[in-house]
Amino acid sequence: MKLAVWTYEGPPHVGAMRVATGMRGLHMVLHAPQGDTYADLLFTMIERRDHRPPVSHTTFQARDLGADTAGLFMQSCRDAYTRFRPQALMVAASCTAELIQDDPGGLAETMGLPVPVIPLELPSYQRKENFGCDEALLQLCRVLARPVARTDRVTCNILGPTALGFRHRDDLAEITGLLSELGIEVNVAAPMGASPTDIARLGAAHFNVLLYPETAESAARWCEKEFGQPYTKTIPIGANATRAFIAEVRALSGSTLPVDETRLRQPWWAASVDSTYLTGKRVFVFGDGTHVMAAAKVARDEMGFEVCGMGCYNREQARPLRALAKEFGLEALITDDYLEVENAIEDAAPEMILGTQMERHIGKRLGIPCAVISAPVHVQDFPARYSPQMGFEGANVLFDTWVHPLVMGLEEHLLTMFRDDFEFHDAAGPSHHGAKAQLHEQGAPAVQTAAADGGSMPPEDVPAPATAPAPAAPDNVIWLTCAERELKKIPFFVRGKARRNTEKYATDKGLHEISVDTLYEAKAHYAR
């Protein structure tokens, strides 16, 4: 554990809270000090849930440490059962409470409560949030699930969706509909929407659909061992993967019913005339392992992008991600340090980032468009509309989500190129509002001269309009005004790299001034 201003994953008790919050009839008692109750805000503020998480905190204070904190926890368990009457009680300690070693699981089991108690051992200083999700669902299955007779019709369980998951609500709806088209009913979807009674009948299904390995692979493996239920290995993100998922489900279920693909527009749109200018765009992919591996395949095989870097923050997925990166001719970046990610993105100089909320911020700092593909995310990525990532509708959503930042980026580049034009500068106002072009007060002579010449670029001998100061060049290297003006013609998403390369070239050649000629000589040098 280390001090950081931002983290990709919370401690494991947050993952356990995600499982409890997604379920019905389950209550969680968390042994935690007052400060650890912040996690409630994740669900009510970011996910916009209309009710608080079903979690009770012991909220011990500093003065309680010299007294009986174990007794405080046991009283909290009794109060929680009396007030909420849950079907089952899940107990755990937060990262802070773990230090006082009260053993909440052992205490709860000795209380003789009339409902099942699910104790969680969450090593907060070795593991993180996704482990907490995975471990909580596994322990729920171990305590509650029992062998039962198979359903007469072929059914399946859907494992993985949790509260606060990236588009889990809509992914669950999309895959449920897809399975329905194949004639397969969903026995239980867990943990999202399930109750402890539902968990008890997981064994009635014929197979399991694993949507998110980070949150449910351990439970899927346990069900395979205990109940003889195979589980799907394909994550249906993208058109190709969805078709492969359908084929895998048919092999497990024997279904031969057709699936309607008429609503799938992504393949044609990606290949259409309007989208061909996106082909070959370099993208950097970072997030949780499942979404990164799926996004990299979609980016290369379905959208025509070039993947120039990929990585994940959850080390549990490091091995398969490294194997996939090797297929792409890349070395995977496995880290939970966002500063390392930022440095890798800056070095790769991609034209777009596919990442998390943090990569969105990194993209803003570096001037690179970004589309969010993975948790952690902020409030804008819990939309009121239906917006899955999986299935055929998910493929359509991916196209819109990934293409729009590039389109807006191109528009921004064009506006930047023509910002000195008498018709397009900031003070001109929107042309569709009927505004008349107004000349800049700063740099007006340059615009007037250009207008008189019938062009939009000022002559070389006219000073450029005042702009924000450029980054400092290396010692003894000065950018001439004409070179600065020429540099601004380079697309914003590679302008920083062009500046650094030119300054390095000038330093290596012993030049103290960078002219337009120097800029193009450096370009030719690094293009070899």
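A salt bridge is counted where a side-chain nitrogen of Lys or Arg lies within 4 Å of a carboxyl oxygen of Asp or Glu. By this rule the count comes to 19 salt bridges. The structure is a predicted model, in which local features need pLDDT of at least 70 and side-chain atom pairs count only at pLDDT 80 or more, while totals for chains, interfaces and linings use all residues. Side-chain values use heavy atoms, with hydrogens and water left out, and residues are numbered from 1 along each chain as its sequence is written.

Helices (H or I, at least four residues) and strands (E, at least two) are DSSP runs numbered from the N terminus. Relative accessible area, computed with a 1.4 Å probe on protein chains only, defines a residue as buried (under 20%), exposed (over 50%) or partly exposed (in between). Strand β5 (residues 155-159) is largely enclosed by the rest of the structure, because five of its five residues are buried. Thr155, Asn157 and Leu159 point one way from β5, whereas Cys156 and Ile158 point the other way. In a regular strand the side chains alternate between the two faces of the sheet.

Two strands are taken as paired if DSSP finds at least two bridges between them. Strand β5 pairs in the parallel sense with strand β6 (residues 185-190) over five bridges, and with strand β7 (residues 207-210), also in the parallel sense, over four bridges. Together with helix α6 (residues 168-181), strands β5 and β6 make a right-handed β-α-β unit. The crossover is called right-handed if, with the strands pointing away from the viewer, the path from the first strand over the helix to the second runs clockwise.

A further set of five strands forms an open sheet with parallel pairing, in the order β10-β9-β8-β11-β12. Its edge strands, β10 (333-334) and β12, each pair on one side only. Within this sheet, strand β8 (residues 282-287) runs parallel to strand β11 (residues 352-355), and three bridges join the two. Leu354 in β11 is the bridge partner of Val285.

Several salt bridges were examined individually. Arg167 forms a salt bridge with Asp381, the closest N and O atoms being 3.5 Å apart. Arg167 lies in the loop between β5 and α6, and Asp381 in the loop between β12 (370-372) and α15 (391-417), so the pair ties together parts that are 214 residues apart in sequence. Arg167 counts as buried at 8% relative accessibility, and Asp381 counts as buried at 6%.

The side chains of Arg127 and Glu316 also meet in a salt bridge, at 3.3 Å from N to O. This pair links distant parts of the chain, 189 residues apart: Arg127 is in the loop between β4 (117-119) and α5 (129-144), and Glu316 is in the loop between β9 (306-312) and α12 (318-327). Arg127 is partly exposed, with a relative accessible area of 31%, and Glu316 is partly exposed at 42%.

In the salt bridge between Arg500 and Glu346, the closest N and O atoms are 3.6 Å apart. The pair links helix α18 (residues 492-509), which holds Arg500, to helix α13 (residues 338-348), which holds Glu346, across 154 residues. Arg500 is partly exposed at 37% relative accessible area, and Glu346 is partly exposed at 30%. Elsewhere, Arg24, Asp198 and Arg201 are linked in a network of salt bridges.
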